[in-house]
Amino acid sequence: MSVMGRVGTSVRRAKVTPKPLDLPVNRIIESDCIAAMAALPDASVDMVFADPPYNLQLGGDLFRPEGGRVDAVDDDWDKFDTFEAYDNFTRAWLKEARRILKPNGTLWVIGSYHNIFRCGAALQDLGYWILNDIVWRKSNPMPNFRGTRFTNAHETLIWASKSEDSRYTFNYRAMKALNDELQMRSDWVIPICSGGERVKTDGVKAHPTQKPEALLYRVLLACTNKGDVVLDPFFGTGTTGAVARRLGRNWIGIEREKKYVKVARERIASTLELDESAMRTMASKRAQPKVPFGALIETGMIEPGAMLTDSKRRWSARVGADASVEMSGKLGSIHQIGAAAQGAPSCNGWTFWHVEQGEALVALDDLRQRYIATLA
């Protein structure tokens with residue numbers, strides 16, 4: 001703050017370098033989310049990513065056709081006595097989240113049809129400005145075993161700025177590069193957690209609603225910059241922290257369940273790459289979906305900073321976090337840089353570029369086929 005003193009009729013302002021806010025960055029706060037956020041300074045975080053309780057209001061167990069019980073969300077943390085109680089809880093944490101957001105900060109909240117519309121109304125009532133709603137379409141959703149409704153194959157994310165006048169961060173070029181030079185749309189096809197990415201404790205999944213790292217990768221890459229502070233008030237098993245660390249962002253996690261805190265700490269401290277073995281399945285013979293190169297980056301099949309080369313090792317290019325590639329100072333897509341390397345009018349970057357894995361060169365197209373297999 002400025003120090004002011006009067007000399008005659010003039011005012012002198014002594015410049016004092018402000019001290020950085022004392023934030024518990026890259027730590028998990030073991031507490032109720034509302035109390036923990038209330039202890040944080042005003043305008044101190046760049047993004048809040050929230051995956052709050054769904055308030056599923058389940059009416060008994062759900063069973064598969066063969067008689068097996070479905071491992072649904074039936075934990076106490078997801079239970080509220082009434083809709084009014086849930087709405088009061090929602091407004092309380094959203095109010096604190098808005099207070100601690102910087103003026104140009106944004107909030108993301110994800111939910112199902114059980115709660116996302118109630119969250120959206122509360123957001124608008126509290127002064128947030130909704131920028132987009134994103135549909136996360138699950139390529140491998142859980143079937144509807146009773147056969148009485150449509151299969152729930154998506155969840156909705158709401159992206160909102162702190163106010164209508166906020167100059168929020170949106171890395172448009174990064175999103176376009178991540179999507180093979182096409183504008184990123186508001187419907188995202190990403191698999192749910194399975195295989196090696198699913199965090200387990202004693203062979204049982206640690207959390208019933210763990211989100212895939214690819215989803216958080218896209219959110220953080222789109223709306224934050226390196227060094228930004230991302231707060232997750234419902235930290236769970238630490239997906240937000242893991243991806244934030246991977247991308248060079250600071251994070252703050254709030255979690256009251258000790259069993260999740262332990263899992264999250266171990267997860268973030270360990271290697272953050274997804275287990276590639278979960279993706280090694282046979283590719284479908286059906287018409288294959290279009291896959292952007294960015295999907296391989298989001299899921300960890302190729303790491304930012306990896307070097308690509310052609311099959312004869314004549315040219316090399318470095319992979320960026322947004323799926324762009326750089327060669328001799330020139331930046332572009334795998335196709336553009338492949339064409340530039342050869343002095344050709346066009347190039348199929350999928351077959352031209354390879355990445356080293358062990359002692360072998362693997363074509364990007366081979367990695368693409370492994371990814372496509374996860375969508376089948």
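Select arginine 91 and aspartate 125. They form a salt bridge, with the closest N and O atoms 2.8 Å apart. This pair links distant parts of the chain: arginine 91 belongs to helix 2, aspartate 125 to helix 3, and 34 residues separate them. Arginine 91 is partly exposed, at a relative accessible area of 33%. Aspartate 125 is exposed, at 55%.

Keep in mind that this is a predicted model.

**Stay on helices 2 and 3**

Next, select aspartate 87 and arginine 118. Their side chains meet in a salt bridge of 2.8 Å, N to O. This pair, too, links distant parts of the chain: aspartate 87 is in helix 2 (residues 83–100), arginine 118 is in helix 3 (residues 116–125), and they are 31 residues apart. Aspartate 87 counts as partly exposed, with 21% relative accessibility. Arginine 118 is partly exposed as well, at 31%.

Now move along helix 2 to glutamate 96 and arginine 99. Where do they lie relative to each other? Both are in helix 2, three residues apart, about one turn of the helix. Glutamate 96 is buried, with a relative accessible area of 17%. Arginine 99 is partly exposed, at 25%.

Why might such side chains pair? Side chains of opposite charge can do so when their charged atoms come close. How many salt bridges does a search of the whole structure find? The search finds 19.

**Go to helix 5**

Select glutamate 213. This residue is in helix 5 (residues 213–223). Is glutamate 213 buried or exposed? Its relative accessible area is 4%, under the 20% cut-off, so glutamate 213 counts as buried.

Show the side chain of arginine 267 as well. The side chain of glutamate 213 makes a polar contact with it, at 3.1 Å. Together, Glu213, Arg246, Arg267 and Glu303 are linked in a network of salt bridges.

**Step to helix 6**

Select threonine 239, in helix 6 (residues 239–246). Threonine 239 is buried, at a relative accessible area of 8%. What does threonine 239 touch, leaving aside neighbours within four places in sequence? Its contacts are Gln210, Lys211, Pro212, Glu213, Leu216 and Arg267.

**Look at a surface patch**

Now select Tyr168, Phe170 and Tyr172. They make a nonpolar surface patch of about 270 Å². Centre on tyrosine 168, which sits in the loop between strand 7 (154–161) and helix 4 (172–178). Tyrosine 168 is partly exposed, with a relative accessible area of 35%.

**Finish by colouring by confidence**

Colour the protein by pLDDT. The mean is 82, and 79% of the residues reach 70 or more. Select strand 4 (residues 45–50): confidence is highest here, at a mean of 98. Then select strand 1 (residues 3–7), where confidence is lowest, at a mean of 32.

Where pLDDT is low, the predicted coordinates should not be read in detail.

Note on methods: Residues are numbered from 1 along each chain as its sequence is written. This is a predicted model: local features need pLDDT of at least 70, side-chain atom pairs count only at pLDDT 80 or more; totals for chains, interfaces and linings use all residues. Side-chain values use heavy atoms; hydrogens and water are left out. pLDDT is the predictor's confidence in each residue, from 0 to 100. Helices (H or I, at least four residues) and strands (E, at least two) are DSSP runs, numbered from the N terminus. Buried means under 20% relative accessible area, exposed over 50%, partly exposed in between (1.4 Å probe, protein chains only). A polar contact is a pair of N or O atoms within 3.5 Å; within protein, one must be able to donate a hydrogen and the other to accept it, and residues adjacent in sequence count only if both atoms are side-chain atoms. Contact means heavy atoms within 4.5 Å. Patches are made of residues with over 30% relative accessible area and no salt bridge: like charges are joined within 9 Å, nonpolar side chains (Val, Leu, Ile, Met, Phe, Trp, Tyr) within 5 Å. Accessible areas come from the Shrake-Rupley method with a 1.4 Å probe; for residues, only the protein chains shown count as cover. A salt bridge is a side-chain nitrogen of Lys or Arg within 4 Å of a carboxyl oxygen of Asp or Glu.
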